[in-house]
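The following note sets out several points on the model for the attention of a colleague. Please read it alongside the coordinates.

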Amino acid sequence: MGERGWLLERERQVAARTAVDEERARIARELHDIVSHNVSVMIVQAGAAREVLTTMPDEAVGALEAVEKAGRTTMTELRHLLGLLAPAADGEEDHEGTDLAPQPTLSSLSRLIDRIAFAGLPVEVRVSGEPRPLPSGIDVTAYRIVQEALTNALKHGAGGKAEVTIRYADHALRVEVLTTGPSVLTGGAPSSAGHGDGAGRGLLGLRQRVAVYGGDLDARRRLGGGYRVRARIPLEASS
């Protein structure tokens with residue numbers, strides 16, 4: 001019995017350590033998504049405000065308001081995430097004065113698109129199939145895929161535009177983001193920083209997220225210029 005008890009305790013310790021490692025990885029991905037997107041928007045808007053501060057003050061004010069909004073959004077999401085790490089003594093999150101927002105989902109995609117478009121990257125969104133409620137984890141993951149792809153395009157793209165397609169199929173949710181940019185066929189030299197052929201930290205984290213649900217994610221340069229990020233996440237068949 002002593003040896004069996006030791007083995008059971010050992011198994012519990014291994015399971016607990018695995019759970020902690022998985023949670024740390026999830027939190028790291030969340031931090032990357034929150035900080036990378038919002039800070040990128042703030043940098044782009046601050047630069048735009050500086051360029052037009054004296055010549056077009058109204059536009060500069062609009063850009064600075066976008067910086068402020070992105071900063072507030074970052075703080076709200078970080079408070080939420082840090083609340084998960086360090087809850088109040090009674091085990092409840094401290095909501096006082098934090099104005100916490102729920103995790104972003106596809107239902108809030110329009111606000112993301114507006115921020116990206118205002119920062120200088122026009123985005124066209126297409127939805128096909130019959131939209132339906134999704135499991136919360138899949139819903140958040142789909143949003144993060146679009147967010148990461150558009151943020152990379154905003155940071156590393158040279159002008160251009162983006163197309164986002166959300167397809168609700170019977171057995172899967174498909175998400176595709178296409179961006180334009182310099183063509184590898186015409187001698188262009190697109191930036192690979194943080195993007196490359198899908199090897200950036202953000203995309204690697206998203207690939208892991210998608211794999212949790214039995215799906216797959218592919219990200220690569222397009223021969224005609226820009227990038228393509230495409231994901232398929234299995235869903236239960238619709239009734």
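1. Basis of the note. This is a predicted model, in which local features need pLDDT of at least 70 and side-chain atom pairs count only at pLDDT 80 or more, while totals for chains, interfaces and linings use all residues. Residues are numbered from 1 along each chain as its sequence is written, and side-chain values use heavy atoms, with hydrogens and water left out.

2. Strand 5. Tyr 227, Val 229, Ala 231 and Ile 233 point to one face and are buried (under 20% relative accessible area; exposed is over 50%, partly exposed in between; 1.4 Å probe, protein chains only). Strands here are DSSP runs of E with at least two residues, and helices are runs of H or I with at least four, both numbered from the N terminus.

3. Pairing of strand 5. Strand 5 runs antiparallel to strand 3, with seven bridges between them, and pairs with strand 4 in the antiparallel sense over six bridges (pairing requires that DSSP finds at least two bridges). Ala 231 is the bridge partner of Val 175 and also stands opposite Leu 217. In the hairpin of strand 4 and strand 5, five residues lie between the strands, and Gly 225 has a positive phi near 115°.

4. Nonpolar core. The largest such core (buried Ala, Val, Leu, Ile, Met, Phe, Trp, Tyr and Cys residues joined through side-chain atoms within 4.5 Å) has 36 residues, and Ile 145, Val 146, Leu 150, Ile 166 and Leu 173 have the most contacts inside it. Helix 4 (136–156) and strand 2 (162–168) are among the elements that each supply at least two residues of this core; helix 4 gives the largest share, nine residues. Beyond its neighbours within four places in sequence, Ile 166 is in contact (heavy atoms within 4.5 Å) with residues including Leu 106, Val 146 and Leu 173.

5. Pro 104. This residue lies in the loop between helix 2 (57–85) and helix 3 (109–118). Pro 104 counts as buried because its relative accessible area is 9%. Not counting residues up to four places away in sequence, Pro 104 touches Glu 77, Val 140, Tyr 143 and Arg 144. The C-alpha atoms of Pro 104 and Ser 136 are separated by 9.7 Å, although the two are 32 residues apart along the chain.
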